[in-house]
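Me: Could you take a close look at one part of this model for me, the spot where the ligand sits? I'd like one connected walk-through.

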Amino acid sequence: MNVKNFINGCWTELGDLQTMPVTNPANGEVLALAPLSTKREVDEAVRSAKAAQKAWALVPAPKRADYLYEIGFKLKEKKEYLARLLTQEMGKVIDEARGEVQEGIDMAFYMAGEGRRLFGETTPSELSNKFAMSVRAPIGVAGLITPWNFPIAIATWKAFPALVAGNTVVWKPSNETPLMAYELGKICEEVGLPKGVVNIVFGTGPTVGTSMVEHPDIRVISFTGSNATGSKVAELGGKLLKKVSLEMGGKNAVIVMDDGDIDLAVDGILWSAFGTAGQRCTACSRVIVHKDVKEALQEKLLAAMDGLVIGDGLNPETKIGPVINRAALEKINHYVQIGKQEGATLLTGGRMLTEPPYDQGFYYEPTIFTNVSPDMILAQEEIFGPVVSIIEVGSLDEAIQVNNNVKFGLSSSIFSQDINKIFKAQTLLDTGIVYVNAGTTGAEIHLPFGGTKGTGNGHRDSGQAALDVYTEWKSIYVDFSGKLQRAQIDTQ
Ligand code: UN1
């Protein structure tokens, strides 16, 4: 299968473009070839998005929303097909892939509902016979740069609010996962979305991503990915006075207090640390445990890990799939070696799996370190793999302090049965997302998604907050007094 760019409603021929293989991380099978586009394709896509935008913005928002409903129905109809393809392309286990497609469906319907809201404000004017209101206006062409770990969900988090608000889109999916983008492009075509409203350009960050950020006709960029790339996007976009929304790393922790339900905490930790093989920005990477329950927690964690089947995500028995590629495998292993050198105790795991049946894919053993101190590199940097570090503390105050003492601020969680501790924690934990008696993953699409500090730059995906990324506020004053009225000066 050859993936093609989707520009101005057409699947454009590859021409002289080079291609890259799309491989299944479970077994190395080549699934497709995708184009390595250049600045030329970005320019074409932006031209088409710009040309389509004026007319799209004039379509009443409830009618724009009708397309999103249709996209939602198509996603629903194709859910199983898409989930299986997603597992093959990205590696996550089939249940999680179904969940991810569901997240896209939910977002389609949620943002379609916005077509009949997109609320602004009316407010009294300080002068007589004068009316004041504010409305949301589209920005223009939105540039979306999305990651491989949630190749369909995160695209929908960005594209659907952008579209319902009247923007058109140029989208660069990760070059690890072009198939989900290809499928979403086909759905846009099937529902008859007007030409140029959604454009998809495949290729690398340095070429396609940079050309997008530099393009003068893209006024807003929404990026999810690494901090290293995000900082470059911010720098370049900032210079050009663009609105830049960044969603980046995490070093998320589960706090287990001495009054917490340990069995529930074990379930929450395993799910949020090893689900998606730890490749979520919300993944639990640290467990901060009260010293009185540390031994019990460790024992139960180890016992529960016995049943975790590692393998191809299409096998319904599998609990942990492969990581995305060899570089990821090596990076994870590198952090494990650092952890050992730093003096952390390896409780379990810590190896790449290279023997059959794992030798054709990229598998890492689920890994737990204990006796980790909060300032170790292991406890500070994002690993993005199935590795979790246990840190012992003596009190809730210390747990909160350890939780907050990292450069990221995406997600945190506390297991406790004490309402006072829970409310204190939810107030003082400095992350953008806090869970009580659940792990660090599992955000729902109608709440803001994002983090503080090094995780982002103050914007949010999802929820009503996403609309703030893709709209400008326009304040409108209507004076029907028939005379000149000067605000702040005339009293009557
Ligand atoms: C991500 O890891 O980038 O809350 C997104 C969650 C998912 C989304 C994760 N709903 O874990």
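Reply: Here is a tour of the ligand site. Keep in mind that this is a predicted model, where local features need pLDDT of at least 70, side-chain atom pairs count only at pLDDT 80 or more, and totals for chains, interfaces and linings use all residues. Residues are numbered from 1 along each chain as its sequence is written, and side-chain values use heavy atoms, with hydrogens and water left out.

The ligand sits in the second largest pocket. A pocket here is an open set of points on a 1 Å grid over the protein atoms alone, with protein on both sides within 12 Å along at least five of seven lines; "sits in" asks that more than half of the molecule's atoms lie within 2 Å of its grid points.

Who's around it? Counting residues with a heavy atom within 4 Å, the shell includes Glu 103, Asn 149, Phe 150, Ile 154 and Trp 157, along with Arg 280, Cys 281 and Thr 282. Thr 441, Gly 442, Ala 443 and Phe 449 are there too. By class, that's six nonpolar, four polar and two charged residues, with Gly counted as polar and Cys as nonpolar. Domain 1 (6–248 + 456–476) and domain 2 (252–436) both contribute to this shell, so the ligand lies between them; the bounds come from an automatic or database domain assignment.

Now for the polar contacts (pairs of N or O atoms within 3.5 Å). Arg 280 puts a polar side-chain atom 2.7 Å from a ligand oxygen, and Cys 281 has a backbone N or O atom 2.7 Å from a ligand oxygen. Thr 282 uses a polar side-chain atom, 2.8 Å from an oxygen of the ligand. Overall, the protein covers 99% of the 320 Å² of accessible area that the ligand has on its own (Shrake-Rupley method, 1.4 Å probe).

Definitions and conventions. Polar contact = N/O pair within 3.5 Å; in protein donor to acceptor, adjacent residues only side chain to side chain. 1 Å grid on protein atoms, 1.4 Å probe; cavity = no way out; pocket = protein on both sides within 12 Å on 5 of 7 lines; lining within 4 Å.
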